[in-house]
Amino acid sequence: MCCPSASLAVWSSAWLHGAAASDDALDALRVWGEDHEVVAADPLVADAFDIPVTGERPAGLATFLTALRRLGAGSARFVLPVPGDVRGLGGGGPLTEAALRSGEAVVFPDVGYGVVPETIAEGLLRWTVHRITTAAPMEYVGLGEAEHDLTSATRNSAGALQELDVARERPGVRAELSERLRRTAHVSWPSGTPGRALRVLQRAEEIGAILALAHADDPGGALSASAAIRRADALRPLSDAVRTARFAAVNETIRVFADQPDRLP
């Protein structure tokens, strides 16, 4: 469920606080790619993490995790930036630009770095580590608020589409939805992950799959360009609510691990 950055944010936090073994964290991330490589965006990052810069032979995730602990990283933050909303990334700069291209990132505010994933080839994921150029407050969204907003947005979007009369029956849509959900990565989470966070994340993934089908079916039965625009406007709050729910569920899980007494040997 969700994306590579969510897995890295949760598992790295669990590992940093002694709630997960490094081998378990590395194994969990393989659902997103059999091979992961880590590079630095610039020489200063390379020196700090003891990893090569982009273009040189990459390091592995184990090296990256070890460097996080050595540098004193205490917590991670999961971000899902979109144009106009780059909360948690500190404004502009290379990290923000890379995160916007990817649509996701993990930020380690304690040490001033962020990491962005990029699929290089089938089964190969590259993580590029950037410096945070400007400190930014990390917004907290409660699970209850996110869950309520997701439910409200689902109801309102469904009503708006019915009023617009731009939704049309699509043969086999239930089978398409089942297949899309079946193909969703079966992600594992550390022991101690809050059950409510997982339920909110699961709900967000289900609605996200429905949205993906809706966008793939554009203009979705609209009879005119103006109707298609109104349809997109009706779905936009739901897309925002799904993104917020994912953000809240993952960061609540991170908070739970960070608030536990460290169990480091």
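# Strands, rings and charges in a predicted model

The model is predicted, so local features need pLDDT of at least 70 and side-chain atom pairs count only at pLDDT 80 or more, whereas totals for chains, interfaces and linings use all residues. Residues are numbered from 1 along each chain as its sequence is written, and side-chain values use heavy atoms, with hydrogens and water left out.

Strand β2 (residues 77-79) pairs with β3 in the antiparallel sense over 3 bridges; two strands count as paired if DSSP finds at least two bridges between them, and the elements themselves are DSSP runs numbered from the N terminus, with helices (H or I) of at least four residues and strands (E) of at least two. Strand β3 also runs antiparallel to β4, to which 3 bridges join it, and here V107 has G114 in β4 as its bridge partner. The hairpin of β3 and β4 has 4 residues between the strands, and in this hairpin G112 takes a positive phi near 80°. Looking along β3, the reader can see A105 and V107 pointing one way while V106 and F108 point the other way, and all of these are buried, where buried means under 20% relative accessible area, exposed means over 50% and partly exposed is in between (1.4 Å probe, protein chains only).

Another pairing involves strand β1 (residues 35-40), which is largely enclosed by the rest of the structure because 5 of its 6 residues are buried. Strands β1 and β5 (residues 124-131) pair in the parallel sense over 6 bridges, and V39 stands opposite T128 in β5.

How many aromatic pairs does a search of the whole structure find? The search finds 3, a pair being two rings of Phe, Tyr or Trp (its six-membered ring) with centres within 6.5 Å, called stacked if the planes are under 30 degrees apart, edge-to-face if over 60 and tilted for the rest. The rings of F49 and Y113 have centres 4.8 Å apart and planes at 90°, so this pair is edge-to-face. Because F49 lies in helix α3 (residues 43-49) and Y113 in strand β4 (residues 113-121), the pair ties together parts that are 64 residues apart in sequence, and both F49 and Y113 are buried. F64 and F108 also form an edge-to-face pair, at 6.0 Å centre to centre with 70° between the planes. Since F64 belongs to helix α4 (residues 61-71) and F108 to strand β3 (residues 105-108), this second pair ties together parts that are 44 residues apart in sequence. F64 counts as buried at 1% relative accessibility, and F108 is buried with a relative accessible area of 1%. F49, F64, F108 and Y113 form one aromatic cluster.

In soluble globular proteins, nonpolar side chains tend to be buried together.

Charged residues come next. A search of the whole structure finds 10 salt bridges, each being a side-chain nitrogen of Lys or Arg within 4 Å of a carboxyl oxygen of Asp or Glu. D27 and R30 meet in one at 2.3 Å, N to O; D27 is partly exposed, with a relative accessible area of 45%, and R30 counts as partly exposed at 36% relative accessibility. In another, R131 and D42 have their closest N and O atoms 3.2 Å apart. Because R131 lies in strand β5 and D42 in the loop between β1 and α3, that pair ties together parts that are 89 residues apart in sequence. Are the two partners buried or partly exposed? R131 counts as partly exposed at 39% relative accessibility, whereas D42 counts as buried at 16%. Finally, D85, R87 and R243 are linked in a network of salt bridges.
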